Amino acid sequence: MTKSLDRVESAVRGWLDSGTGRPLILGLCGAQGSGKSTLAAGLRDRMVAHGIATAILSLDDLYLAGNARAALARDIHPLLRTRGVPLTHDVAHGIALLDAIREGHAVSLPRFDKAHDEPEPEARWQPVPAGLDLLIFEGWCVGARAQDDDALTAPANALERDEDPVGIWRRAVNAALRTDYADLFARIDRLILLAAPGFEIVERWRTEQEDALRRTLETQGRSTTGLMDAGAIARFVAHYERLTRWILAEMPARADLVLRLAADRRLLT
């Protein structure tokens with residue numbers, strides 16, 4: 001991760017010094033378990049150490065509450081009960097936050113409790129003072145674009161084949177990417193992609209991520225009831241497969257920086 005962090009820091013310093021003004025909104029995209037959060041935290045720490053006011057907003061922290069996702073599941077498709085894909089985030093809140101930061105205002109960044117699958121109360125949100133220099137906006141599909149409609153016809157996996165046979169879910173997700181999410185991601189100034197070697201590694205990475213969260217919660221004496229076992233993880237990542245594969249195929253040609261990772265997350269190029 002050190003080499004990746006060095007590369008990102010060098011790029012970000014150049015962008016900040018380019019005379020385009022601050023704050024810089026940096027998009028950081030990467031598949032589940034690719035090391036986005038670790039990289040973002042490392043970059044923030046380095047920037048702050050050099051007097052550059054920096055904060056992190058995770059797309060995951062914009063997830064809708066369970067009751068809102070239940071409404072989506074009822075009104076559009078049952079697969080929208082599971083957090084993750086476009087439509088399951090509070091995009092309007094994300095846009096408002098990025099706009100407020102762009103205008104130099106103080107904000108409070110939301111937090112989402114994955115162990116309980118619900119947003120944290122506002123009292124636990126992260127206050128960010130006015131005059132931010134750098135916002136790191138990280139997430140598994142940050143900066144993603146919609147697919148062509150023709151690409152949605154064939155199911156990407158067994159989940160789509162069996163539970164979305166006529167494509168209602170995937171077309172709704174794609175439509176969200178083409179509209180509200182396009183508005184959100186248009187606010188990104190620079191985009192970095194952590195490119196996994198392929199989707200096949202994501203389940204292993206996601207399992208490692210879940211295990212790390214379990215250890216953290218146990219150390220803190222908090223409940224791990226909401227965490228997933230191996231079967232649940234396999235089903236969970238299937239929700240992400242179509243868009244993850246599309247990002248890996250499409251985004252490298254337009255990202256401002258691409259970091260290609262090995263299966264152990266070492267930097268390749």
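## The largest pocket

The largest pocket has 41 residues in its lining, and Ser37, Ser58, Asp60, Lys114 and Glu138 are the ones nearest its centre. What you're looking at is a predicted model, where local features need pLDDT of at least 70 and side-chain atom pairs count only at pLDDT 80 or more, while totals for chains, interfaces and linings use all residues. Residues are numbered from 1 along each chain as its sequence is written, and side-chain values use heavy atoms, with hydrogens and water left out.

A quick word on terms. On a 1 Å grid over the protein atoms alone, a pocket is an open set of points with protein on both sides within 12 Å along at least five of seven lines, a cavity is a set where a 1.4 Å probe fits but cannot get out, and lining residues have an atom within 4 Å of a point. Volume is the space filled by probe spheres set on the points, with grid points joined across faces, edges and corners. On that basis, the largest pocket comes to about 1100 Å³. Its lining divides into 14 nonpolar, twelve polar and 15 charged residues (Ala, Val, Leu, Ile, Met, Phe, Trp, Tyr, Cys and Pro count as nonpolar, Asp, Glu, Lys and Arg as charged, and the others, Gly among them, as polar). Helix 8 has the largest share of this lining, at eight residues. Helix 2 (36-49), strand 2, strand 4 (112-113), strand 6 (126-128), strand 7 and helix 8 (202-219) each put in at least two; helices (H or I, at least four residues) and strands (E, at least two) are DSSP runs, numbered from the N terminus.

## The second largest pocket

The second largest pocket holds about 240 Å³ of space. Sixteen residues line it, and Thr82, Arg83, Asp117, Met228 and Phe236 sit nearest its centre. Helix 9 (residues 230-238) gives the most to this lining, with three residues. By type, the second largest pocket's lining splits into five nonpolar, four polar and seven charged residues.

Five strands make an open sheet in the order 2-7-1-8-9, with parallel pairing; two strands pair if DSSP finds at least two bridges between them. Strand 2 (54-58) and strand 9 (257-260) are the edge strands, each pairing on one side only. From one strand to the next, the twist averages 20° (axes are lines fitted to C-alpha atoms, for helices over the stretch in contact, and angles run from 0 to 180 degrees between N-to-C directions). Helix 4 (residues 91-102) packs on this sheet and touches strand 1, strand 2 and strand 7, and its direction makes about 160° with that of strand 7; contact means heavy atoms within 4.5 Å.

Strand 1 and strand 7 (residues 134-139) run parallel and are joined by six bridges, and Gly27 has Phe137 as its bridge partner in strand 7. Strand 2 also pairs with strand 7 in the parallel sense, over five bridges, with Leu57 opposite Phe137. Five of the five residues of strand 2 are buried, so strand 2 is largely enclosed by the rest of the structure. Buried means under 20% relative accessible area, exposed over 50%, and partly exposed in between (1.4 Å probe, protein chains only). Thr54, Ile56 and Ser58 are on one side of strand 2 and Ala55 and Leu57 on the other, and both faces are covered.

## The cavities

How many cavities of 30 Å³ or more does the structure hold? There are two. The largest cavity has a volume of about 130 Å³. It is lined by 16 residues, with Gln147, Arg170, Val173, Arg242 and Leu243 closest to its centre. Helix 6 (168-178) and helix 10 (241-250) are the elements that give two or more residues to this lining, and helix 6 gives the most, with five. The lining of the largest cavity contains nine nonpolar, three polar and four charged residues. Trp169, Arg170, Ala172, Val173, Asn174, Ala176 and Leu177 of helix 6 are buried, under cover that includes helix 5 (158-163), helix 7 (180-185) and helix 10.

The second largest cavity has a volume of about 50 Å³. Its lining is made up of Cys29, Gly30, Ala31, Trp140, Leu193, Leu194, Thr244, Ile247 and Leu248. Strand 1 (24-30), strand 8 (190-195) and helix 10 each give two or more of these residues, and helix 10 gives the most, with three. Seven of the lining residues of the second largest cavity are nonpolar, two are polar and none are charged.
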